[in-house]
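Colleague: I have a few questions about this one before I set anything up. Can we go through it piece by piece?

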Amino acid sequence: MAAKEKDPLNFVHQNAILCETIDKETKHQKIYTNYSINPFGKMHTITGKPNSKHDSEEGEEDDHFLKVIRRARQEPVKKFTMPQTEAQVCGWISTPLLPVDRSDRRLYFHRHNTQITKFMSEAWKYKEQTENLN
């Protein structure tokens, strides 16, 4: 059996494929000219040289940089109006549905002390005091 011969390369088709690929890339390409720092990456501050005039002068703060850093460190509820992921849906609205009323006995069950609970709380206090003395 003879090996199957390859068809010779068609340079016209190869060039057409290359041109189409380049056209698609340039169509969807967006050139960025406004660069800023990534607020989620680690930042390292480097001090200037001690005898340099340029480094010893007080520099001015970049307000845009500070604004970006502060926004990146906020909680998601303060950054966005709606949850961005399904995991954020749970607990997004954290305000209670009913106001907390401590006098309402239907919703608030305060602790009742009986004789045995009073005795045991005193016993635990005594035990802690004796352990602290040793």
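Colleague: Start with K125: is K125 buried, partly exposed or exposed?

Modeller: K125 is partly exposed, because its relative accessible area is 46%. Keep in mind that this is a predicted model.

Colleague: Which residue does K125 meet in a salt bridge?

Modeller: E122. The side chains of K125 and E122 meet at 3.8 Å, N to O. Both residues lie in helix α6, three residues apart, or about one turn of the helix.

Colleague: And how exposed is E122?

Modeller: E122 has 48% relative accessibility, so E122 counts as partly exposed.

Colleague: How many salt bridges does a search of the whole structure find?

Modeller: Four. Among them is the pair E20 and K24, with the closest N and O atoms 3.7 Å apart. Another one of the four is E75 with K78, where the closest N and O atoms are 3.2 Å apart.

Colleague: Where do E20 and K24 sit relative to each other?

Modeller: They are in helix α1, and because they are four residues apart there, about one helical turn separates them. E20 is partly exposed at 46% relative accessibility, while K24 is exposed with a relative accessible area of 51%.

Colleague: 51% for K24. What puts K24 in the exposed class?

Modeller: The cut-off for exposed is over 50%, so K24 at 51% falls in that class.

Colleague: What about E75, and then K78?

Modeller: E75 counts as partly exposed, with 43% relative accessibility. K78 is exposed, with a relative accessible area of 58%.

Colleague: Back to α1. How many residues does α1 have, and how far does α1 reach?

Modeller: Helix α1 covers residues 11-27, which is 17 residues. From its first C-alpha to its last the helix reaches 24 Å, close to the 24 Å expected at 1.5 Å a residue. At the start of α1, a side-chain oxygen of N10 comes to within 3.2 Å of the backbone nitrogen of V12.

Colleague: How many helices and strands are there in the protein?

Modeller: Six helices and zero strands. Along the sequence the pattern reads α-α-α-α-α-α.

Colleague: Is the protein a compact globule or more spread out?

Modeller: More spread out: the radius of gyration is 35 Å, well over the 14 Å that the globule rule gives for 134 residues. The C-alpha trace spans about 100 × 70 × 40 Å along its principal axes.

Colleague: What share of the residues is buried?

Modeller: Buried residues make up 4% of the 134. As for surface, the protein exposes about 14,500 Å², with carbon and sulfur atoms supplying 56% of it.

Colleague: Take W92, then. Where is W92, and is W92 buried or exposed?

Modeller: W92 is in the loop between α5 and α6. W92 has a relative accessible area of 13%, so it is buried. W92 and T81 are eleven residues apart in sequence, and their C-alpha atoms are 9.8 Å apart in space.

Colleague: Which loop holds D104?

Modeller: D104 lies in the loop between α5 (86-89) and α6 (115-133). D104 is buried, because its relative accessibility is 16%.

Colleague: Which side chain does D104 contact?

Modeller: R106. A polar contact of 3.1 Å joins the side chains of D104 and R106.

Colleague: New topic, P50. Where does P50 lie, and is P50 buried or exposed?

Modeller: P50 lies in the loop between α1 and α2 (53-56). P50 counts as exposed, with 75% relative accessibility.

Colleague: How far apart are P50 and Q115?

Modeller: They are 65 residues apart in sequence and 72 Å apart in space, C-alpha to C-alpha.

Colleague: Last topic, the cysteines. How many disulfides are there?

Modeller: The count is zero, using a cut-off of 2.5 Å between cysteine sulfur atoms.

Colleague: And how exposed are C19 and C90?

Modeller: C19 counts as partly exposed, at 38% relative accessibility. C90 counts as exposed, at 66%.

Methods: Residues are numbered from 1 along each chain as its sequence is written. This is a predicted model: local features need pLDDT of at least 70, side-chain atom pairs count only at pLDDT 80 or more; totals for chains, interfaces and linings use all residues. Side-chain values use heavy atoms; hydrogens and water are left out. Helices (H or I, at least four residues) and strands (E, at least two) are DSSP runs, numbered from the N terminus. The expected span of a helix is 1.5 Å times one less than its number of residues. A polar contact is a pair of N or O atoms within 3.5 Å; within protein, one must be able to donate a hydrogen and the other to accept it, and residues adjacent in sequence count only if both atoms are side-chain atoms. Buried means under 20% relative accessible area, exposed over 50%, partly exposed in between (1.4 Å probe, protein chains only). The radius of gyration is taken over C-alpha atoms; the globule rule is 2.2 Å times the number of residues to the power 0.38. Accessible areas come from the Shrake-Rupley method with a 1.4 Å probe; for residues, only the protein chains shown count as cover.
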